[in-house]
Amino acid sequence: MKKVFIYKNDVPRTVAIADTLVNKLMISGVDITEEIGDADLIICVGGDGTLLNLMQNHEFPTVPVAGINTGHLGFFQEIAPEKIDEFIKTYISGDLTVQPYNIAKADIKFEDGGEIAYRALNEFVIRGQGTHPVHLNISINTSFIERFSGDGIIISTPAGSTAYNYSLGGALVDPRLNLLQVAPMAPMNNTAYRSLTSSILLPANDSLIIEPCDEQSSSLSILFDGQDETFSGIKSIELCLSKRKINLVRFGGTTFWDKVKTKFL
Ligand code: NAP
């Protein structure tokens with residue numbers, strides 16, 4: 001029997017649409033499970049922010065996720081609430097199309113020997129605290145590239161290229177490409193400081209290593225998909241694509257560039 005786990009935000013319109021969805025699924029003979037690990041499909045009701053929360057709160061499940069859009073933009077959340085009947089029919093007939101999406105991973109090492117790891121579907125933002133610029137040594141694998149000075153660095157997956165990355169002037173990237181985009185945030189570029197002013201692209205197996213250049217820059221804010229943590233005593237941060245991919249249900253036959261056109265132009 002097909003088993004679905006429903007994840008939703010608590011906005012009244014979302015809750016009403018999720019209730020309708022549950023009724024329709026049950027009438028169609030689909031079981032609703034409270035255990036995400038038992039589901040063969042996760043349905044996320046909300047906006048793109050809700051999908052990001054689902055991923056962060058449930059350790060980036062690899063089970064297919066279908067997004068019913070009740071948010072503003074709905075770049076990930078492809079299914080319009082009016083299409084719920086059509087979607088359920090396609091699910092029951094076993095004809096859903098799934099697309100894998102890369103996620104990024106950050107391993108943070110501290111001066112005292114501690115370590116912590118995070119994952120992100122959209123991006124990591126590494127930036128200083130308050131209004132102080134940060135000074136960071138940037139390497140790709142074992143090659144030192146530059147000493148970056150400025151507000152910070154944003155490291156985006158292709159999926160995240162249409163989010164914060166785009167607002168900062170980064171390139172839009174088709175999610176079928178396996179790469180990480182590294183974009184500077186307000187880079188200082190003068191006779192005292194020399195920083196790259198454009199974004200760079202890293203292939204799938206490469207790592208970006210960030211090392212604070214001074215005491216002040218070892219206290220950093222790290223944002224992953226909009227969630228913010230502040231750390232002190234950072235020795236290094238290694239960022240790369242995770243081996244794990246998530247799987248999002250594609251519905252409606254639109255391409256990435258159709259969505260760019262509809263949502264941005
Ligand atoms: P949020 O208000 O839930 O999200 C901000 C906006 O970004 C929403 O309109 C959301 O769409 C949209 N969005 C999220 N992921 C997207 C993607 N991959 N492509 C296109 N649009 C996307 O705020 P939040 O939950 O705190 O933060 C989530 C994301 O907001 C972060 O990962 C970051 O990318 C983005 N953000 C953008 C800026 C900026 O552009 N200046 C600044 C900070 C954060 P929905 O309306 O469908 O939810």
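I took helices (H or I, at least four residues) and strands (E, at least two) as DSSP runs, numbered from the N terminus. On that basis I found five helices and 15 strands in the chain. I then looked up the overall dimensions: the radius of gyration, taken over C-alpha atoms, is 20 Å, close to the 18 Å that the globule rule (2.2 Å times the number of residues to the power 0.38) gives for 265 residues, so the chain is as compact as a globular protein of that length.

I noted that this is a predicted model, in which local features need pLDDT of at least 70, side-chain atom pairs count only at pLDDT 80 or more, and totals for chains, interfaces and linings use all residues. Residues are numbered from 1 along each chain as its sequence is written, and side-chain values use heavy atoms, with hydrogens and water left out.

Next I checked burial, where buried means under 20% relative accessible area (1.4 Å probe, protein chains only), and 48% of the 265 residues of the chain count as buried.

For contacts, meaning heavy atoms within 4.5 Å, I looked at pairs with a separation of 6 or more, and residues 24 or more positions apart account for 69% of them.

I also recorded that the C-alpha atoms fill a box of roughly 65 × 40 × 35 Å, taken along the principal axes.

Last, I looked up the accessible surface of the chain, computed by the Shrake-Rupley method with a 1.4 Å probe, which comes to about 12600 Å², with 49% of that belonging to carbon and sulfur atoms.

How values were computed:
Buried < 20%, exposed > 50% of the residue type's maximum accessible area, 1.4 Å probe, protein only.
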